[in-house]
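Reader: Can we walk through this one piece by piece? I would like to begin with the strands and then move on to the helices.
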Amino acid sequence: MAIKYVPYFPNTLEGQAILDNFVRTKRVLRYRDNDQVIERIERGMPLYEMELKEQVGDNPNHNMVIRGECLSACAYLKDKGIFIDLIYVDPPFASGADYAKKVYIRRNPKVAAAIAQAESELDIEELKAFEEKMYGDIWDKERYLNWMYENLMAMKSIMSDDASIYVHLDYHIGHYVKILMDEVFGEQNFLNEIIWYYPDSPGRPESKFVPKHDTIFWYKKDENFVFNGDDVRIPLLEASKERYKTTRYLINSQGKRFEYTAKDAEMGKIPETVWQLSVVKGNSEQAKNYSTQKPEALLERIIKASSNEGMLVADFFGGSGVTAAVANKLGRNFIHCDINVNSIQTTRDRLLADKVEFDVFEIIDGVSLYRNPVQTMDKLKSLIKGLRNEDALDKFWEGSIVDTKYGMMPVYLPNLMDSSTRLLDKPLMNRIIREALPDLPDETKRVIVYYIDITDKQEIEQFIKEQNDQTTIDIELRDLKQVLDDVVVEDEAKWEVSETHDALWTGWKVEIKSFHSDRVLRKIDEINLKGQQQTLQQKAKGKEKEFKSIVISEEGLETIEWISLDCTTADEKAPWHSDAEIKIDRLGYAIRNGIKSQDFWDATINSDNKPLRMKIRNICGDETIYQLEHDFN
């Protein structure tokens, strides 16, 4: 449960154009008290406990990588008095698309020696892989705008007086968000609409012109803001330089006359509002196997132009970590935040490779039940016994469960992408009673309401008793975490620890004997079944292409992506210290402590000091910690 609610700005700016087709906050409570109807708006950002998960270096600049959602992260920062000088965000675009991570099966290190000569022969296309959905950008317009409104208000509340914000979107919803930003920041604080044009991105044949650009809205918070135009100048074409060998007098966009000399031409020009920059190609050095990754050149221009060295840059939908990585390279401090654990892992690994010092935090809000909200929501539907789709019900209900006593029982599940539904409080229960129950079929006798967090169960049940007098429908409350806790199975590993003394090195070695992940194996079984069914369908159509099933060895080491040893503390509650680590890339090569090698992983990891704890990440992103100290007793 939230410790408290941290207020942001109580009202939007007066006199702005506003959208009138959505409710700006769902935290509205209408209830009766002594025969009077009372309305109260629960405003503010939910503040939860923040747990330090890992420390990388001394981190004197207090760089932060936060797993959690934007609203809760902003609540924490405001409560601590931390203000941001530049915000760049690349939130979901409301595109209706599902985004997936390509998951590669690694080589079995037990047979790596036998195939060491195969590097030149390896067909990368034949690498065994499958996709796992990381998040779904599926919203209805009203929900998205409500969610975006609260995020914009939260971010504004932690911006310093000289700060500005860049919001990166595309044609799906950007025009609506532009009006929201006018409302939140003020039309007078709008600076630019920037078009990022990417001509090298492959376009799809369509019955309309092919979209090849994104839109970035840039707003300042107040009168003062940073703009270092000279730091982002770009060269003129040689033909243009030739034109300006003699001094000319030009007119700028405000109609003012100014002098333009050969020296100005040599310095280059401040970029216009159309930026032609390449996308990140999958085989490039920048590529991090992250579907929504943005190019470093884009962030470099924004960060150079709108911040100075030593300032604090934040990205609350951090994705692949490009904002944090570029900010660090340019001498800025950073905060990276994302709800997706794959984002946190990708960012952590790339920062470590850059020798950056930072702390990793997790917001304890009850949402991080699985790797990402989409995976959790999909899993819930299969875990709740008897839950079925029910087309006759409003979209408010996830489905129904049929009971011999009560008949069809509609089921409500909190939407993990909508922060206003996470906490079951009086405003949310009020919505269920006033808006959802009256629309149910007349024969409905009971509904089931699942919650992640609840203010006070007895208080909510009393509220239901007092307010639900317009229907005869019973409301049953169920804790969603109990459903998930019953099915979480930790990955199993067997290992051998030994101390090594030889002429070249003295230290410790951990050899992984076997590793089995129930969740990964289930996913592989699911992929294999789907592939076999598709093969049968293709054969029925006269096509003979066979599906090659993914087969995992008895040791299961192909399903390991990363291993870390903590030689600093054995305390299971202490933050993690990665004193030695190995990441296995998709080809099976070992990346030791951020340094790439041409060696296949051999199922071992070495450390100079005695390892006390070990953390293993499987190829889907789950991490499990194992205590090693008992191996020395």
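Author: A term before we start: two strands count as paired if DSSP finds at least two bridges between them. Keep in mind that this is a predicted model.

Reader: Fine. In β33, what is the bridge partner of Arg613?
Author: Gln627 is the partner of Arg613 there. Elsewhere in β33, Ile625 stands opposite Lys615.

Reader: How many bridges join β32 to β33, and do they run parallel or antiparallel?
Author: Five bridges join them, and the two strands run antiparallel. β32 covers residues 613-618.

Reader: What lies between β32 and β33?
Author: Four residues, as the two strands form a hairpin. Gly621 sits in the turn and has a positive phi of about 110 degrees.

Reader: Which residues of β33 are on the covered face, and which on the uncovered one?
Author: Thr624 and Tyr626 make up the covered face. Glu623, Ile625 and Gln627 are on the uncovered face.

Reader: Zooming out, what is the strand order in the open sheet?
Author: The six strands are ordered β30-β29-β28-β27-β32-β33, with antiparallel pairing. At the edges are β30 (595-600) and β33 (623-627), each of which pairs on one side only. On average, neighbouring strands of this sheet are turned by 20 degrees against each other, ignoring direction.

Reader: Helices now. At what angle do α10 and α11 cross?
Author: Roughly 35 degrees, with the axes coming within 10 Å. The helices span residues 426-436 for α10 and 457-467 for α11. Their crossing is right-handed.

Reader: Which residues meet there?
Author: From α10, Lys426, Met429, Asn430, Ile433 and Arg434 take part. They meet Glu459, Ile460, Phe463, Ile464 and Gln467 of α11. By class, this contact has five nonpolar, two polar and three charged residues.

Reader: And α13, how many residues does that helix have?
Author: α13 has 23 residues, 518-540. From first C-alpha to last, α13 reaches 33 Å, close to the 33 Å expected at 1.5 Å a residue.

Reader: Which of its residues are buried?
Author: In α13, the buried ones are Val520, Lys523, Ile524, Ile527, Asn528, Gly531 and Thr535. On spacing in general, an α-helix has 3.6 residues a turn, so residues three or four places apart point the same way.

Reader: What follows α13?
Author: Gly542, with a positive phi near 90 degrees.

Terms used. Residues numbered from 1 in each chain as written. Predicted model: local features only at pLDDT ≥ 70, side-chain atom pairs only at ≥ 80, totals over all residues. Heavy atoms only, no water. Axes fitted to C-alpha atoms, helices over the stretch in contact; angles between N-to-C directions. Left-handed = near helix turned anticlockwise from the far one by under 90°. Contact = heavy atoms within 4.5 Å. Nonpolar A, V, L, I, M, F, W, Y, C, P; charged D, E, K, R; others polar. Buried < 20%, exposed > 50% of the residue type's maximum accessible area, 1.4 Å probe, protein only. Expected span 1.5 Å × (residues − 1).
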